[in-house]
Amino acid sequence: MLPENKKRDVQTSKKVKLYLYGSPMSGKTTFANGFPDPLMLNTDGNIQYVDSPYVSIKDQISMDGRIKKIKYAWEIFKESVDEIIAGEHDYKTIIIDLIEDVYEACRVYMYNKLEIEHESDAGYGKGYDMIKTEFLTTMKRILNSDYNIVLLSHDKIEEVKLKGGASITSYTVNLQEKIAKKLAGMVDITARIVQDSDNNRFIDFTYNDYVFGGNRIGLQQTKIPLNIEEFKKEFIKGGNK
């Protein structure tokens with residue numbers, strides 16, 4: 001059925017879709033914990049300093065007599081996504097910490113399903129495409145849901161050689177480039193955490209050939225303090241343009 005021909009109030013309907021990356025211990029998890037009513041899908045056990053409820057995304061191993069049974073982390077993640085989308089809960093924000101670990105969990109699960117040891121074992125491009133499809137299909141489901149979604153990732157810093165011998169530092173997420181770009185296309189804001197010489201931390205929305213980032217909501221600033229209230233204020237300002 002087609003919707004009513006009536007303009008939506010984007011200020012009240014808008015949910016944050018954020019892809020945030022930074023170095024370990026830069027404050028990503030603590031910042032995300034400040035979103036309203038969060039549920040954390042956690043891969044690295046880094047939950048001792050935050051108080052949000054969480055689901056541990058890791059393999060579960062049990063024994064049936066002498067037979068070892070494995071419930072893969074990816075299966076737990078997909079089951080969690082199903083429950084979240086079903087909506088029988090009162091969470092408002094879903095935090096995935098860390099997204100690169102979830103992708104690796106998907107790879108391990110698909111290796112077992114396809115009975116391969118590497119993507120290339122399934123034939124030219126086929127294994128990679130099957131893993132990518134499995135991962136992105138589930139990510140689209142959760143990112144299209146009516147919740148705030150925060151994807152957290154470690155950063156990857158590299159020195160890039162320029163013509164003439166000079167070099168420049170490149171900042172991106174710790175994930176395969178094609179997958180990272182697909183995820184960035186599903187969110188409103190992609191940003192990294194930076195720290196100045198006085199140890200002040202900021203969310204940096206810069207995007208260029210050497211910095212992975214950007215936004216689609218018209219944010220006026222390129223950098224704001226790593227503070228949840230500052231983020232909310234700037235997001236609403238951009239969303240009202």
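Q: Which residues form one aromatic cluster with W74?
A: W74 forms one aromatic cluster together with F77, Y103 and F135; keep in mind, as we go, that this is a predicted model.

Q: And how many aromatic pairs does the count come to?
A: The count comes to nine aromatic pairs. One of them is Y19 with F212, an edge-to-face pair whose centres are 6.2 Å apart and whose planes stand at 85°.

Q: Where in the chain are Y19 and F212?
A: The pair links distant parts of the chain, since Y19 belongs to strand 1 (residues 17-22), while F212 is in the loop between strand 10 (201-204) and strand 11 (214-215), 193 residues apart.

Q: Is Y19 buried or exposed, and what about F212?
A: Y19 counts as buried because its relative accessibility is 0%, and F212, with a relative accessible area of 12%, is buried because the cut-off is under 20%.

Q: Which charged residues lie over rings, say that of Y171 or F202?
A: Over the ring of Y171 sits the charged end of R192, 3.8 Å from the ring centre, and over the face of F202 lies K223, at 4.8 Å from the centre of that ring.

Q: Switching to helices, at what angle do helix 3 and helix 4 pack?
A: Helix 3 (residues 73-86) and helix 4 (residues 99-114) pack at about 115°, and their axes are 7 Å apart.

Q: Which residues meet there?
A: From helix 3 these are A73, W74, E75 and F77, and they meet V102, A105, C106 and Y109 of helix 4. By type, the residues of this contact divide into seven nonpolar and one charged, with no polar ones.

Q: Where is confidence lowest and highest?
A: Helix 1 (residues 10-13) has the lowest confidence, with a mean of 51, whereas helix 3 has the highest, at 98. The chain averages a pLDDT of 89, and 93% of its residues score at least 70. Over residues 237-241 pLDDT stays under 50, and for that stretch the model has ten contacts beyond four places in sequence.

Q: Last one, what does A32 touch?
A: Leaving aside residues up to four places away in sequence, A32 touches I95, V150 and L152. A32 is in helix 2 (residues 28-32) and is buried, with a relative accessible area of 0%. From C-alpha to C-alpha, A32 and N227 are 9.7 Å apart in space, although 195 residues separate them in sequence.

Technical notes:
Residues numbered from 1 in each chain as written. Predicted model: local features only at pLDDT ≥ 70, side-chain atom pairs only at ≥ 80, totals over all residues. Heavy atoms only, no water. Phe/Tyr/Trp six-rings, centres within 6.5 Å; stacked < 30°, edge-to-face > 60°. Helix = DSSP H or I, 4+ residues; strand = E, 2+ residues; numbered from the N terminus. Buried < 20%, exposed > 50% of the residue type's maximum accessible area, 1.4 Å probe, protein only. Lys NZ or Arg CZ within 6 Å of the ring centre and 35° of its normal. Axes fitted to C-alpha atoms, helices over the stretch in contact; angles between N-to-C directions. Contact = heavy atoms within 4.5 Å. Nonpolar A, V, L, I, M, F, W, Y, C, P; charged D, E, K, R; others polar. pLDDT = per-residue confidence, 0-100.
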